[in-house]
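Work through the exercises below with the model open. Each task is followed by a solution in steps.

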Amino acid sequence: MAAGIGAPEIAAPVNTIPFRSRIYGFGSIYGKTVRDSRLSLIIAAGLLGGMSLVMAAGVSSIFPTPASRLEIDKLIGSIPSSMVNLFGKPIGLGTLGGYFTWKYGAIFAMGTALWSIMALSGTLAGEASRGSLDIVASAPFGKRRIAVEKVTAHLTMLGLAMAVLAVGCVAGSTLFGDASLGDRIAPLSAIGFALWVGFIAIFFGGLAFALAPLLGRSGSAGIASVLMVLLWVANGFDALAPIAILSPFHWLAGHIALVGMYDWPAVAFTGLVAVVLLGIGVEMFTRRDLGVTAGLSMPGLPTIVLGVRGSTSRAFGEQLPRAMSWGIGLGLMGALIAALVGTMASQIGNDPNLSSTFSAIFKGFNLTSAGGWLQLYVQLLLIAAGFAAATFVSKWASDENDGRLEMILATPLVRARWVIAGGIAAILAIVVMTVLFAAGIGLGAASGGVAVGDAITGSAVVGLYAAAIVGVGIAVGGVWRTSIAAEIAAMAVLVTYLIDLVAPALNLPDWVHQLAITAHLGQPMVGVWDPVGVGACLLIAAGGIAIGAWGVTRRDID
Amino acid sequence: MTSVIRTEKLTKSYGSHRGIVDVDLDVQKGEVFGFLGPNGAGKTTTIRVLLDLIRPSSGKAYVFDIESSADPAAIHRRLGYLPGEFTLYDRLTGRQTLEYFGNLRGGVDPVYQASLIERFDLDPSRRFREYSKGNKQKVGLVAALQHRPELLILDEPTAGLDPLVQQTFFAILREAVAEERTVFLSSHILSEAERSCDRVAIIREGRIVRVDRVDALRDLAHHQVELRFAGDPPTAEFATIAGVSDVQVEDHLLRLRVLGAITPVVQAAARLGVTDFLSREPSLEETFLAQYGREADAPTAEVK
């Protein structure tokens with residue numbers, strides 16, 4: 001009997017989709033988005049929960065007695081107003097919750113907001129630019145539902161991360177805090193803190209989401225990130241007071257949940273604004289043409305900068321825009337900090353009690369000098385420089401991950417040369433970034449009446465550390481796989497930071513602290529260099545590129 | 001004749017996944033060699049081994065008599081390659097992209113490059129990300145052709161090209177062959193090979209199932225015959241003729257497949273009073289499906 005070929009006359013019945021795959025898996029857009037976000041959730045939740053435990057342990061071990069807590073309380077009203085407002089009201093600094101909020105609260109909020117910005121700017125706009133959204137959008141349901149499911153999935157993951165943060169706060173205070181000193185954090189306080197962090201994150205993520213249909217992924221993420229920093233800084237400077245009223249940091253200034261100070265109307269208002277922004281994003285996506293964005297009109301780069309003469313210049317041409325972005329961002333931050341440190345140093349230098357308190361909090365830093373303050377901030381900016389290096393690794397790796405490498409390697413260019421060219425280009429990108437950072441530090445120092453010599457030369461430490469991270473990433477990409485090179489590089493930055501932070505705070509053996517390369521860089525902003533660390537950075541950078549060049553000759557190209 | 005590509009028992013496995021198994025090829029200078037097979041048969045894997053992008057698990061591959069992993073740069077200097085799937089630099093224009101690949105290779109004749117751009121009707125002033133799929137393919141083709149390589153390795157080269165541009169592409173291939181250059185063309189579209197190739201190799205599930213001249217493959221050809229009768233068709237008379245198969249009846253119409261000489265069928269039809277006779281020579285594609293699709297279906301039939 002001949003078999004009929006073609007479409008069946010009666011469509012097969014649609015199989016029932018299991019509920020489990022609808023909420024996690026391939027049963028719905030929501031489930032697929034949740035599934036795709038699992039790694040970022042693990043990282044975010046791990047960092048937030050882990051850091052809350054580590055901070056609690058650190059604070060409790062540094063200030064274990066009532067006397068030391070009283071010393072911290074003296075900070076109230078004694079520190080520069082710009083610092084007070086930037087980091088929030090210093091209330092209850094003698095308790096774990098108060099100190100935790102004041103010193104680390106903004107870092108938690110902005111770190112989480114960055115996650116939200118990247119996720120919500122990319123969830124639709126990024127897919128649209130790749131073309132994968134066209135296929136999803138051709139499914140038999142509307143664009144609004146796609147957008148709502150995508151947003152709901154991110155909110156779910158954010159909610160889970162906030163739950164982990166709340167649990168971490170309660171657990172940290174229970175495990176390491178001293179109830180007699182007021183360290184115990186109640187579940188309601190922890191929830192209030194998590195809501196503060198989460199709503200600030202959704203506010204800026206929502207902003208990115210609302211802009212994404214207009215500006216595309218990078219444009220919306222860039223603007224939301226810049227506005228986040230601007231509105232945070234605006235909250236701390238009288239000169240920027242007119243725009244501070246737009247800042248969620250300003251709205252939520254009275255909500256310091258970890259010391260039992262709640263401002264639920266402000267929390268609700270922030271949440272409401274965030275929901276409105278998300279709603280605008282959904283409607284913009286629904287009403288506009290799919291994947292058509294106005295884009296940000298960036299000036300075109302001349303051909304000589306784009307680099308079409310050879311593999312190194314081409315790789316550098318690819319790195320240059322992000323090198324400029326990182327350099328300008330770090331330079332602006334550096335200028336701001338360098339302009340303020342002179343005032344901070346003189347205020348602390350004039351008060352011996354304050355000076356000793358700060359010495360206890362920030363061990364090893366001479367905060368009576370501007371250079372000491374710069375060194376303190378540069379320690380934090382090393383994290384940003386490390387992540388910048390990871391993005392340079394990511395750009396190098398994109399040759400293979402995006403499918404260009406096949407055509408490149410079908411030319412007479414050999415594999416090792418490709419790795420070396422990419423490594424040199426990444427190092428050159430770091431040079432560009434570091435020069436811009438140094439220029440910002442120099443300009444800020446000059447405007448603040450601080451000596452610029454050590455500040456500018458000390459800025460090179462940022463580049464040295466970033467070069468070492470590039471070496472790690474390229475070695476991994478060459479020997480193993482480029483698809484994980486940037487992630488491993490970013491992981492190296494995080495691990496280094498945590499070792500540097502945790503080891504002294506928990507009084508771990510010194511050799512643990514010495515594992516972090518940042519522990520070997522000296523204090524270059526005050527002119528003290530550690531040749532071991534400098535040599536190690538250069539060796540890791542050059543050695544990593546060499547290992548990558550060797551490794552790539554021994555494996556298949558993906 | 002000189003071998004440009006030669007493989008000996010070439011095998012590549014990806015862990016438990018099949019790649020290619022014992023692939024033997026011999027591509028001669030100046031020929032257009034088609035490498036045909038369904039999706040996932042192992043065409044791209046073979047090409048990637050030839051280019052030393054991946055290394056064989058066993059066996060050897062030689063291009064220009066150089067072992068592919070011994071000196072890939074020497075091989076690459078003499079070939080042009082178009083991958084089946086590729087992306088290039090989003091921010092570069094088509095012209096900048098071609099300039100870059102020209103610089104990497106050297107030896108690009110600007111006049112020939114310009115003629116290719118014109119013949120493919122490519123606007124080189126637009127950024128790569130702004131191109132349609134077909135225009136991206138044109139950039140890839142010009143990059144592969146612009147230095148007049150001795151060997152062209154083209155993986156699914158006509159994907160995304162409109163019929164007019166496809167004609168231009170095949171004309172350029174003919175010119176390349178006239179200059180005694182060699183073309184290794186991978187495709188799953190048999191009509192493409194029928195149109196342009198001297199010889200083809202057919203790969204299925206990682207193994208070469210046949211290598212032959214296109215003409216010889218067509219000798220496999222059968223005729224698809226339709227006979228119309230005034231009354232019920234005399235099915236039994238035709239079913240017993242040597243070479244006849246797939247006999248089907250639909251009202252007064254008799255359909256059958258004839259492998260080899262068609263004369264006995266014509267004679268029987270005349271004797272049995274046929275009112276209409278239609279015979280069609282199948283395309284290479286139909287031949288391929290009839291031959292290798294049948295083999296592929298065989299295990300299923302046995303299960304049943």
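**Exercise 1. The contact between the chains**

Task: state how many residues of chain A and of chain B are in contact, and describe the side that chain A contributes.

Solution. 
Step 1. In this predicted model, 22 residues of chain A touch 26 residues of chain B.
Step 2. Three helices of chain A each supply at least two residues of that side: helix 14 (303-306), helix 15 (311-349) and helix 18 (405-409).
Step 3. Sorted by type, the chain A side consists of ten nonpolar, five polar and seven charged residues.
Step 4. As for the predictor's own scores, the complex has an ipTM of 0.74 and a pTM of 0.77.

**Exercise 2. Cores and domains of chain A**

Task: find the residues with the most contacts inside the largest nonpolar core, and say which elements cover the buried residues of helix 2 of chain A.

Solution. 
Step 1. The largest nonpolar core has 147 residues. Those with the most contacts inside it are A389(A), V393(A), Y465(A), I469(A), V470(A) and A489(A).
Step 2. Take V393(A) as the example. Not counting residues up to four places away in sequence, V393(A) touches A426(A), V470(A), G473(A), I474(A), G477(A), A485(A), A486(A) and A489(A).
Step 3. Another core, of 84 residues, lies apart from this one; M51(A), A56(A), I146(A) and L278(A) are among its members.
Step 4. Go to helix 2 (residues 29-36) of chain A, where I29(A), Y30(A), G31(A), T33(A) and V34(A) are buried. Their cover includes helix 1 (19-23), helix 8 and helix 9 of chain A.
Step 5. Chain A is divided into domain 1 (91-292) and domain 2 (299-558). The centres of these two domains, taken over C-alpha atoms, are separated by 27 Å.

**Exercise 3. Strands of chain B**

Task: give the strand order of the four-stranded open sheet of chain B, and identify the residue with a positive phi in the hairpin of strand 12 and strand 13 of chain B.

Solution. 
Step 1. The order of the open sheet in chain B is 2-1-4-5, with antiparallel pairing.
Step 2. Strand 2 (17-28) and strand 5 (66-67) of chain B are its edge strands, each pairing on one side only.
Step 3. Two bridges hold strand 4 (residues 58-63) of chain B and strand 5 of chain B in antiparallel pairing. V63(B) has I66(B), in strand 5 of chain B, as its bridge partner.
Step 4. Strand 12 (residues 244-250) and strand 13 (residues 253-259) of chain B run antiparallel and are joined by five bridges. V244(B) stands opposite V258(B) in strand 13 of chain B.
Step 5. The hairpin of strand 12 and strand 13 of chain B has two residues between the strands, and D251(B) takes a positive phi near 55°.

**Exercise 4. Chain B as a whole**

Solution. 
Step 1. Of its 304 residues, 39% count as buried.
Step 2. Chain B is divided into domain 1 (3-218) and domain 2 (222-281), with 43 Å between the domain centres, taken over C-alpha atoms.
Step 3. Along the principal axes, the C-alpha atoms of chain B fill a box of roughly 75 × 45 × 40 Å.
Step 4. The average pLDDT of chain B is 88, and 91% of the residues score at least 70.

Notes:
Residues are numbered from 1 along each chain as its sequence is written. Chains are lettered from A and ligands numbered from 1 in the order in which they are written. This is a predicted model: local features need pLDDT of at least 70, side-chain atom pairs count only at pLDDT 80 or more; totals for chains, interfaces and linings use all residues. A nonpolar core is a set of buried Ala, Val, Leu, Ile, Met, Phe, Trp, Tyr and Cys residues joined through C-beta atoms within 7 Å. A residue is buried if 20 or more other C-beta atoms lie within 10 Å of its own, exposed if 12 or fewer, and partly exposed in between; C-beta atoms are placed from the backbone. Two residues are in contact if their C-beta atoms, placed from the backbone, lie within 7 Å. Ala, Val, Leu, Ile, Met, Phe, Trp, Tyr, Cys and Pro count as nonpolar, Asp, Glu, Lys and Arg as charged, and the others, Gly among them, as polar. pLDDT is the predictor's confidence in each residue, from 0 to 100. Domain bounds come from an automatic or database domain assignment. Two strands pair if DSSP finds at least two bridges between them.
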